[in-house]
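Reader: I would like to learn how to read a model of this kind, one feature at a time. Could we go through it together, with the general idea before each case?

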Amino acid sequence: MTTSPKRIAPPIVLAIAGSEASGGAGAQTDLKTFHQLGVFGCTALTCIVSMDPRAGWDHRFVPVDPEVIHDQIEACASVHAAIDAVKIGMLGTAPAIDVVDAALEEYAFPDVVLDPVLICKGQEFASARAVDDALRERILPRATMVTPNLFESATLAGMEEITSVARLKDAARRIHERGVPNVLAKAGPSLGTGTALDVFYDGENLEVLEVPAVGAERVHGAGCTLAAAVTAELAKGATPLQAAVTAKDVVSASIGMRGNIPFPYVYQGWYQA
Ligand code: PXL
C-alpha cells in the first residue's frame, strides 16, 4: 500500500478584478500569478474587457451587474474557510466601487492590496473622472497596500507629473499620509535609470527597490502581475517589503511574450522562486 504525501492547504487569495479576454492582464493574470506562487485563487469579476483589433486595441468595456459582483464576493468568502488576502484591480464603474466598498466593510479581509487602475483606454473621460474620485475616496482608505504607477501616484498624491526619484519618494509619503499603511509607488523603467525602479514606504522605511530593467517598453499586464504577486506573498506571511521585493522578481521573470499588440506581455510560468 502506498501512502500519499502530506498535503498542506495553500493560502486563499481573492482577486476583485476585470476580465481581460486575451489573458494578458486583469483577473486571468491574477489567477496565473497566484497559482505560480502557490496560493489558491478565486475571483469576483467586475467587468469584461475585450481589446479591439480594429481600433488600436481600444478596450471594449462591459460592466458586470453590481449585484453579481456582490454575489461573487459572497460566494468566495462563503466557500473558503478564510480569505487570507484580497487584490483589487479594475473596478471600472461607480456602482462597482459601491458594492466593493460595502463588501470590504462586511468581510473585513485581513490584507487588501489595491492596484488603483485609474483610466481604462476607451472609457469616456468624464465617467473615468467620477470613478477615479470614488476609488480614491472609498477604496483607497480600505487598502493595506497600494501599488500605483507614475500617473496614478501623481493623481493620488495630488502632484504634477513625477519625473524624478525624489518626487516619487515624495508621492509615496503623501499617499501614506492619506492613510494607506504600505505604499509601493512604481516607476518601472520610466525614469530612465536603466533599472525597473519602485519606491516602498511604510511610514518608517523608505526604500528604493531596483532590479535590472527588462527592455524600456511598457509591458501589458506587468502592473497586474506585480500587485497579484504582492498579494500572494502577503497571504503566505511575507512582510509588505519582502512581498514587494519578490513581486519585482516575479515581474522581471515574466516579461517576454510577443503577439500582435505593439508591446510585450507577461507569462508568469517563467518565474522560479
Ligand atoms: O493592466 C491594467 C488592466 C487591469 N484590468 C483589466 C485590464 C487592464 C489593462 O488592459 O484590461 C481588466
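Reader: Leaving out residues up to four places away in sequence, which residues does Thr195 touch?

Author: This is a predicted model, and everything that follows should be read with that in mind. Once the residues up to four places away in sequence are set aside, Thr195 touches Gly188, Pro189, Glu210, Val211, Pro212 and Ala213. Thr195 itself lies in strand S8, which covers residues 195-201.

Reader: Is Thr195 buried or exposed, and which side chains does its own side chain join in polar contacts of 2.7 Å?

Author: The general idea is a cut-off: buried means under 20% relative accessible area. Thr195 has a relative accessibility of 16%, and therefore counts as buried. Its side chain is joined to that of Thr193 by a polar contact of 2.7 Å, and a polar contact of 2.7 Å also joins the side chains of Thr195 and Glu210.

Reader: Where does Lys248 sit, and which residues does Lys248 touch?

Author: Lys248 belongs to helix H8, residues 240-254, and counts as buried at 5% relative accessibility. Beyond the residues up to four places away in sequence, Lys248 touches Ala196, Leu197, Asp198, Leu209, Glu210, Val211 and Leu226. For a sense of separation, Lys248 and Val68 are 180 residues apart in sequence and 33 Å apart in space, taken from C-alpha to C-alpha.

Reader: How should I read the packing of two helices, and at what angle do H7 and H8 pack?

Author: Two packed helices are described by the angle between their axes and by the distance between those axes. H7 and H8 pack at an angle of about 140°, with their axes 8 Å apart, and the two helices are therefore oblique to each other. The crossing of H7 past H8 is right-handed. On the H7 side the contact includes Ala222, Thr225, Leu226, Ala229 and Val230, while H8 contributes residues including Ala243, Ala244, Ala247, Lys248 and Val251. By class, this contact of H7 with H8 has eleven nonpolar, three polar and two charged residues.

Reader: How do the axes of H1 and H7 cross, and which residues meet there?

Author: The axes of helix H1 (residues 26-36) and helix H7 (residues 222-235) come within 9 Å and cross at roughly 40°; that angle makes H1 oblique to H7. H1 passes H7 in a right-handed crossing. Gly26, Thr29, Asp30, Thr33 and Phe34 of H1 meet Cys224, Thr225, Ala228, Ala229, Thr231 and Ala232 of H7. The residues of this contact divide into five nonpolar, five polar and one charged. Several of them, including Asp30, Phe34, Cys224, Ala228 and Thr231, are also in contact with Lys87.

Reader: What is the handedness of the crossing of H5 past H6?

Author: The axes of helix H5 (residues 150-157) and helix H6 (residues 165-177) cross at roughly 50° and come within 9 Å, which makes H5 oblique to H6. H5 passes H6 in a left-handed crossing. Leu150, Ser153, Leu156 and Ala157 of H5 make the contact with Leu168, Ala171, Arg174 and Ile175 of H6, and its classes are six nonpolar, one polar and one charged.

Reader: Turning to the backbone, what is the phi of Trp57, and what is the phi of Ala108?

Author: Most residues other than glycine have a negative phi. Trp57, although not a glycine, has a positive phi of about 65°; its place is in the loop between strand S2 (40-52) and strand S3 (58-63), and it is partly exposed, with a relative accessible area of 23%. Ala108 is likewise not a glycine and has a positive phi of about 45°. Ala108 is found in the loop between helix H3 (94-107) and strand S5 (112-114), and counts as exposed at 58% relative accessibility.

Terms used: Residues numbered from 1 in each chain as written. Predicted model: local features only at pLDDT ≥ 70, side-chain atom pairs only at ≥ 80, totals over all residues. Heavy atoms only, no water. Axes fitted to C-alpha atoms, helices over the stretch in contact; angles between N-to-C directions. Helix = DSSP H or I, 4+ residues; strand = E, 2+ residues; numbered from the N terminus. Parallel < 35°, antiparallel > 145°, perpendicular 65-115°, else oblique. Left-handed = near helix turned anticlockwise from the far one by under 90°. Contact = heavy atoms within 4.5 Å. Nonpolar A, V, L, I, M, F, W, Y, C, P; charged D, E, K, R; others polar. Buried < 20%, exposed > 50% of the residue type's maximum accessible area, 1.4 Å probe, protein only. Polar contact = N/O pair within 3.5 Å; in protein donor to acceptor, adjacent residues only side chain to side chain.
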